[in-house]
Amino acid sequence: MRFRSVASLCCLVVGCVMSLRDVVAEDFLVHRFERQQLTEVYFSEGANFGDINKDGKPDVVHGPLWFEGPEFTKQHEIYDPKPQNRDGYSGNFFTWVYDFTGDGWNDLVSVGLPGSPAKLYVNPGKNVAEAPHWQTRDVFNGVGNESPQFVNLVGDAQPELVCNHTGKFGYATFDVMKPDQPWVWHAISEQVGEYPFGHGLGVGDINGDGRQDVIWKGGWYEQPQSVEGDPLWTSHKFQFAGPGGADMFAYDVDGDGDNDVITSLAAHTYGLAWFEQTKEGDAISFKKHVIVGDKAEESPYGILFTEPHAVALIDMDGDGLKDIVTGKTYWSHHRQSPMWDAGARGQEKQTQRRSTGCRTSPTANPASVGN
Ligand SMILES: [Ca+2]
Ligand SMILES: [Ca+2]
Ligand SMILES: [Ca+2]
Ligand SMILES: [Ca+2]
């Protein structure tokens with residue numbers, strides 16, 4: 001995983017292509033973004049946002065620092081900010097913003113190098129802008145996979161930390177009355193995934209039964225009717241990716257009523273694809289559609305980049321369809337990945353549905369990128 005604060009970003013809007021014949025240059029819609037650099041120091045692989053000071057405006061969290069929105073020029077310390085080794089990995093990969101303590105002030109949970117503990121940081125509250133460093137505690141040891149997710153996976157009121165732990169997929173839950181006490185692990189799979197490292201993980205309802213399923217590069221785990229007693233979830237094998245990519249999603253890309261799967265194919269080399277859900281009898285299967293391959297000619301817009309180590313799915317242009325946001329993660333394996341020195345690059349793949357199917361189109365911009 002990598003987040004580089006200083007990086008150039010080329011944004012591209014692409015759509016999943018079912019009919020390449022209809023893709024013409026004038027269909028490109030170039031989106032421009034304004035770039036704002038938060039810091040010149042490498043502190044963390046990732047960043048996130050949420051309202052830290054309870055003024056109703058989102059703030060940015062980057063490792064040991066949070067930046068007051070909407071200007072993002074005033075920074076405050078959460079813990080001692082130590083510059084990280086550019087030729088190594090940071091001690092902080094992911095941060096999620098959530099009010100764990102229930103006092104109305106958003107707290108944080110952070111995860112570092114795969115296999116390291118999840119750490120809770122408690123927002124000091126009213127004087128957060130002036131407060132000394134936040135109280136912290138390790139709450140769950142051994143968070144594996146390079147795309148852990150903090151989402152509401154099972155049918156309760158709060159989110160769970162979804163990851164791989166000791167080779168099994170599952171989720172960690174916290175006690176809302178005692179969030180700083182050790183979180184409880186619930187395995188949903190046999191020993192199957194790589195641990196602590198491993199690529200490709202997501203959450204979404206694959207079979208349309210209203211229950212979130214867990215998706216990984218080798219298939220998906222179907223959430224049972226009840227998770228009482230921690231039963232193993234039914235495993236459905238499908239090889240979405242060999243090496244595995246980043247965050248995975250279930251989303252109805254082509255608008256035919258069933259959820260398809262979106263994933264990058266290899267976090268440290270090439271590839272982004274969506275997998276159209278198909279049926280073989282009653283069994284769910286998938287048909288691969290490449291959005292960006294390992295050769296420029298495989299992309300409808302001749303786009304080629306490597307290291308799509310993070311993917312987000314969000315409606316970027318407000319048309320009601322979610323778009324794919326990913327990019328080249330600069331320096332993800334330092335000098336080892338192909339095109340490692342091509343600079344960072346952000347990519348927005350805009351989903352467009354037409355009578356012929358759905359498609360995508362590109363954009364270029366300077367900005368920060370990471371994962
Ligand atoms: Ca705020
Ligand atoms: Ca709180
Ligand atoms: Ca389901
Ligand atoms: Ca579909």
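## Around Val162

Once its neighbours within four places in sequence are set aside, Val162 touches Pro148, Gln149, Val151, Leu153, Tyr171, Leu201, Val203 and Val214. Keep in mind that this is a predicted model. One of those partners, Gln149, also pairs with Val162 as its bridge partner in β11. That bridge belongs to the antiparallel pairing of β10 with strand β11 (residues 160-165), which has four bridges.

Val162 also turns up in the largest nonpolar core, a group of 64 residues. It is listed there among the residues with the most contacts inside the core, along with Leu161, Val214, Ile215, Val261, Ile262 and Trp274. The strand that gives the most to this core is β20 (residues 272-280), with four residues. As general background, nonpolar side chains in soluble globular proteins tend to be buried together.

## The overall picture

So what is the chain built from, helices or strands? The protein chain has 27 strands and zero helices. It runs to 371 residues, and 43% of them count as buried. If you take contacts between residues at least 6 apart in sequence, 53% of them join residues at least 24 apart.

## The four-stranded sheet

β10, β11, β12 and β13 make an open, antiparallel sheet, in the order β10-β11-β12-β13. Its edges are β10 (144-151) and β13 (184-191), each of which pairs on one side only. Ignoring direction, neighbouring strands here are turned by 20° against each other on average.

Is Asn145 buried or exposed? Asn145 counts as buried because 25 C-beta neighbours sit inside 10 Å, and the cut-off for that label is 20 or more.

## The eight-stranded sheet

The other sheet to look at is open too, with eight strands in the order β17-β16-β15-β14-β18-β19-β20-β21 and mixed pairing. β17 (234-237) and β21 (283-292) are the edge strands, pairing on one side only. From one strand to the next, the twist averages 25°. In general, strands of a sheet pair through backbone hydrogen bonds, either parallel or antiparallel.

You can walk through part of this sheet strand by strand. Strand β14 (residues 201-204) runs antiparallel to β15, with four bridges joining them, and Gly204 stands opposite Asp213 in β15. Next, β15 and β16 pair in the antiparallel sense over three bridges and form a hairpin with two residues between them. Ile215 stands opposite Trp220 in that pairing. Finally, strand β16 (residues 219-222) is joined to β17 by four bridges, again antiparallel, with Lys237 of β17 as the bridge partner of Gly219.

What about the two faces of β15? Strand β15 (residues 213-216) is covered on both: Asp213 and Ile215 are buried on one side, and Val214 and Trp216 are buried on the other.

## Loops worth a click

Two cis peptide bonds are worth checking if you're setting up torsions. One joins Gly69 and Pro70, with omega at about 5°; Pro70 sits in the loop between β4 (65-67) and β5 (75-77). Another joins Tyr195 and Pro196, with omega at about 0°, and Pro196 is in the loop between β13 and β14.

Lys54 has a positive phi, near 55°, despite not being glycine. This residue lies in the loop between β2 (48-50) and β3 (59-62), and it counts as partly exposed because it has 15 C-beta neighbours inside 10 Å. Then there's Lys322, in the loop between β22 (312-314) and β23 (323-328). Lys322 has 19 C-beta neighbours inside 10 Å, so it counts as partly exposed.

The mean pLDDT of the protein chain is 87, and 86% of the residues reach 70 or more. Residues 1-25 stay under 50, and the model has 117 contacts beyond four places in sequence for them. pLDDT also stays under 50 over residues 363-371, for which there are 48 such contacts. Where pLDDT is low, the predicted coordinates should not be read in detail.

How values were computed. Residues are numbered from 1 along each chain as its sequence is written. Chains are lettered from A and ligands numbered from 1 in the order in which they are written. This is a predicted model: local features need pLDDT of at least 70, side-chain atom pairs count only at pLDDT 80 or more; totals for chains, interfaces and linings use all residues. Two strands pair if DSSP finds at least two bridges between them. Axes are lines fitted to C-alpha atoms, for helices over the stretch in contact, and angles run from 0 to 180 degrees between N-to-C directions. A residue is buried if 20 or more other C-beta atoms lie within 10 Å of its own, exposed if 12 or fewer, and partly exposed in between; C-beta atoms are placed from the backbone. Two residues are in contact if their C-beta atoms, placed from the backbone, lie within 7 Å. A nonpolar core is a set of buried Ala, Val, Leu, Ile, Met, Phe, Trp, Tyr and Cys residues joined through C-beta atoms within 7 Å. pLDDT is the predictor's confidence in each residue, from 0 to 100.
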